[in-house]
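Subject: Structure handover

Hello,

Here is the structure for you to look through. My notes on it follow below.

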Amino acid sequence: MKKTLATILLIFIVGSAYAETFSIGGKELIIPTPQGFSRVTQEMDAVYRMSLQMVDPENDQLAYYISDSDIPTAMSGELPSLERTFLLKVNKQLKNMVVGSKDFIELKNTIKRQNKEIFESVKSQIPGLMKGASEGISEEFDVNFALQISQMIPLEPHYETDNALAYSMYINYGVSAEGTKEELIVSATATIVNISGKVLFLYCYGPQGELEWTRSASKSWAEDVMGSNTQPPAHSSGGRGMDWNKVVEKGIVGAITGGLIALIFGVLSIFKKKKKG
């Protein structure tokens with residue numbers, strides 16, 4: 001009976017979480033949940049604690065979404081596979097600024113012109129990011145973690161509208177923990193959207209062979225998000241002389257940190273099994 005009630009409650013939670021309202025820089029934004037996914041909550045203890053370790057210094061993490069099929073495992077405190085995930089972030093500098101359509105065109109043009117060059121500049125930040133994440137995970141889960149990124153391959157933008165631009169990437173992660181070493185290549189799609197004058201970063205992650213899934217799923221989510229909010233104004237307000245190269249750079253940093261979770265959970269699961277054995 002208890003199991004039945006828990007299942008009913010779980011279905012209710014998942015079904016009722018279709019969209020949420022976020023207050024960002026004085027704007028109320030409606031963010032639909034990606035189809036087939038749910039936002040991670042504190043009740044999903046291990047996943048929730050891990051998601052907090054994936055924050056980066058440049059962006060505020062607003063929500064992390066996992067597949068509905070992973071929720072029962074997450075709710076039990078166990079470690080799901082998390083092969084497919086979504087992440088929602090906002091740039092700290094942009095969140096209090098209203099970005100007009102004209103400036104958003106400049107942001108999109110910067111990505112189209114210089115994305116690969118900006119990826120190269122981000123490489124110098126990777127060791128520091130990985131060191132911080134490793135230390136946080138080691139302390140939180142009492143496991144000696146060492147994270148690294150051996151390669152990032154950015155791809156050309158593949159989806160564009162007036163208020164959105166998306167590009168994909170492959171990220172090669174490596175991790176060692178208590179004698180266990182693993183590598184994982186993740187497919188990721190980053191979509192930058194401008195809704196009601198607020199620029200958000202929408203990230204989607206999947207296994208190496210599921211690049212097309214990340215693209216199609218990201219497109220569906222971005223279209224739902226844009227369709228649920230108003231158009232941005234023509235002109236910006238609340239900011240002065242934005243360096244769009246820096247904004248793009250911070251968006252890449254946000255994508256890199258978010259893609260770590262699937263690998264880390266895989267290694268934690270292996271380590272846990274070894275420890276039990």
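I start with one residue. Asn194 touches Val99, Gly100, Phe104, Asn163, Val199 and Pro232, leaving aside residues up to four places away in sequence; contact here means heavy atoms within 4.5 Å. Asn194 is found in strand E9, residues 180–195. Helices (H or I, at least four residues) and strands (E, at least two) are DSSP runs, numbered from the N terminus. With a relative accessibility of 1%, Asn194 counts as buried; buried means under 20% relative accessible area, exposed over 50%, and partly exposed in between, using a 1.4 Å probe and protein chains only. The Asn194 side chain also reaches the backbone nitrogen of Gly197 at 3.4 Å.

Before going on, please note that this is a predicted model, in which local features need pLDDT of at least 70 and side-chain atom pairs count only at pLDDT 80 or more, while totals for chains, interfaces and linings use all residues. Residues are numbered from 1 along each chain as its sequence is written, and side-chain values use heavy atoms, with hydrogens and water left out.

The chain as a whole has eight helices and ten strands. Of its 277 residues, 51% are buried. Among contacts between residues at least 6 apart in sequence, 71% join residues at least 24 apart.

Next, a pair of helices. H4 (residues 101–122) and H7 (residues 244–258) pack at an angle of about 60°, with their axes 8 Å apart. Axes are lines fitted to C-alpha atoms, for helices over the stretch in contact, and angles run from 0 to 180 degrees between N-to-C directions. H4 and H7 are therefore oblique to each other: angles under 35 degrees count as roughly parallel, over 145 as roughly antiparallel, 65 to 115 as roughly perpendicular, and the rest as oblique. Residues of H4 including Leu107, Ile111 and Ile118 meet residues of H7, among them Val248, Ile252 and Ile256.

Thr257 also lies in helix H7. Its relative accessible area is 4%, so Thr257 is buried. Thr257 touches Met54, Asp56 and Lys89, again leaving aside residues up to four places away in sequence. The side chains of Thr257 and Lys89 are joined by a polar contact of 2.9 Å, meaning a pair of N or O atoms within 3.5 Å; within protein, one must be able to donate a hydrogen and the other to accept it, and residues adjacent in sequence count only if both atoms are side-chain atoms. Thr257 and Ala133 are 124 residues apart along the chain, and their C-alpha atoms are separated by 8.3 Å.

Regards
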